[in-house]
Structures are given as C-alpha cells and as structure tokens.
Amino acid sequence: MARHFRRNEGNGEPRGWSPQGARGGGAPQGKRGPPPSSDWLWGWHPVTAALANPARGAPRRLVASEERARELAARFPALAAAEIAEPAEIARLLPTGAAHQGVALKAAPIEPLPLAELASPAAGVLIMLDQVTDPQNVGAVFRSAAAFGARGVILQDRHAPPFTGALAKAAAGALDAAPHARVVNLARALDELDGLGWRAVGLAGDAPETLDAVLDGRPTVLVLGSEGEGLRRLVSEHCDALARIPMPGGFESLNVAAAAAVALYEAVRPRF
C-alpha cells in the first residue's frame, strides 16, 4: 500500500500528514483458457452489495461455490441461480491472488451522479480525491465514507482506478452504499461546490493549523492528495483552508486511506 510522507526537518514546526502471474493447474498444456478478466467483483461483501443494488440490474455473470450458491439463493430468492464452480475454477477467472471467498460477479457498473446532484443541498461532508490511483486506498476511502455517513466521494474522470477487483474488495460493499461523482477538473469542481454552499478544506502536512481548528461545522469538502505528490498547487489554491492532522507520536507516515478515516471522524463529530 502506498505511503505518504512529508518531513518537517528539525525546525520545531508542527508535524502532520501529507499525502506524499499466471496460475498453475489451469487448462491442459496447449489448451490455455482465456486470461483472467479484470472486470469482476469478488468477495462476499462486494458481491452481495452489488446484487442488492437495483441500479446494477441483473448480473451479467455470477459464479459461486456450491455452499455460497445456497447462501445466495436464500438471500436473493428472485435471483437466477449462480453457476456452480469449485474455488480453484473461480480463482482461474480472476487476477492472481484474488481472495474471492467462493463468489465472483460481473455486474453493470455503478453510474456516477452529476456533481450538483451529489452536492445538493449542501449539508454534511464530501470527500474529494486528487489523483489518488491506488485501488486499495480508493476502496478503503469509500469504506470510510460509508461508515461515517459522508455524502459521497468525488474523483477525476481520468485519474481514478476502475470500480472492480481489488478496489471493490477493499471497499467491502461501500461502492454500492456511498455515491460518487466524476469530474474532469477538480479546481472547477471546487468552484462549483463553493457556489452550492460548500467549504473546501485541503489536507497538507505543512499547514499551520490543525484540522480540528479549521473545521467549523459548515458543509465541508475534505480534499486529499495523491500518493507521493500530495495536493496539486491549483487544487490547493481553490481550497478555502488547508489543515494538517497532528501526529504527536512523531511517526510522520500515514497513507491516504487512513488519513481520510481520521479526517472524516473529525469532520462528522458534533461541535458545540
């Protein structure tokens, strides 16, 4: 998992977070099956959340072990029967190392909402990701967004991983619980959100103020930067405030998914 660093070298300044194979045992020799596909969802929570989401429509393909097929039939009685396959057969459909838990699904993708629809009326908290590309980090951010009741997640069109595979597994069903919007330009999106009544707070390890001091209970967009680079200059310039997560323990490394969870907790807790 990517790590994000920013060091404050020995000057006494406050410290904070800144985002800085083929399988054996397949088809007989000379009769290779098709290569594993990248458009599957796998794992019990991602698959059942997708099946429960009416916006997904009917499954395009659903493969399960015999035991999991019985569980699916009991949970979704109107669902067409899953294809029964041994766990090793399911694994051969998926990328190497996929922990499928006996079930895999090809489903229609989740459609993003228009930004204005996601953000209206202005209330609560939104998460915006600035070129965060690690699928497990993005999935974990969705999981935290759903857990803390965020209004949704805003990503870029061209700098975000697909909502399948490892990302969906890391989200543990949250892709179908937390809505999202995709935008071409984050700076312009922040301008639009400002007009809708939102205040943008960017996370930066060298910010002079801590997050708890900057948050004021107004509708807030938490803006988190990419792995390695942090917030891009133009995006940070369109934030109303920059803030750091204090780290009194002195360990100056926190990945973007962990930072999002901490920031969401701070943003949603009651303020008096």
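A: Leaving out residues up to four places away in sequence, Ala 267 touches Val 125, Leu 215 and Leu 222. This is a predicted model, and the description that follows should be read with that in mind. Ala 267 has its place in helix H10, and it counts as buried because its relative accessibility is 18%, where buried means under 20%. Asp 212 is 55 residues away from Ala 267 along the chain, yet the C-alpha atoms of the two are separated by 7.8 Å.

Leu 222, one of the contacts of Ala 267, also belongs to the largest nonpolar core, which has 50 residues and in which Leu 129, Phe 142, Leu 222 and Leu 224 touch the most other members. Helix H10, spanning residues 256–268, gives the most to this core, contributing seven residues. In soluble globular proteins, nonpolar side chains tend to be buried together.

Phe 142 deserves a separate description. Apart from its neighbours within four places in sequence, Phe 142 is in contact with Val 153, Leu 155, Phe 163, Ala 171, Ala 174, Leu 175, Ala 178, Pro 179 and His 180.

The strands concerned are E6 (residues 152–156) and E7 (residues 180–183), which pair in the parallel sense over four bridges. Together with helix H6 (residues 165–171), E6 and E7 make a right-handed β-α-β unit.

Elsewhere in the chain there is an open sheet of four strands, with the order E1-E4-E2-E3 and mixed pairing. Its edge strands, each pairing on one side only, are E1 (41–42) and E3 (83–84). Strand E2 (residues 61–64) and strand E4 (residues 103–106) run antiparallel and are joined by four bridges, with Leu 62 standing opposite Leu 105 in E4. Helix H1 (residues 44–52) lies across E1, E2 and E4, and runs at about 40° to E4. Helix H2 (residues 66–75) also packs on the sheet, where it touches E2, E3 and E4, and its direction makes about 125° with that of E2.

Notes:
Residues numbered from 1 in each chain as written. Predicted model: local features only at pLDDT ≥ 70, side-chain atom pairs only at ≥ 80, totals over all residues. Heavy atoms only, no water. Core = buried A, V, L, I, M, F, W, Y, C linked by side-chain atoms within 4.5 Å. Buried < 20%, exposed > 50% of the residue type's maximum accessible area, 1.4 Å probe, protein only. Helix = DSSP H or I, 4+ residues; strand = E, 2+ residues; numbered from the N terminus. Contact = heavy atoms within 4.5 Å. Pairing = 2+ DSSP bridges. Axes fitted to C-alpha atoms, helices over the stretch in contact; angles between N-to-C directions. Right-handed = clockwise from strand over helix to strand, strands pointing away.
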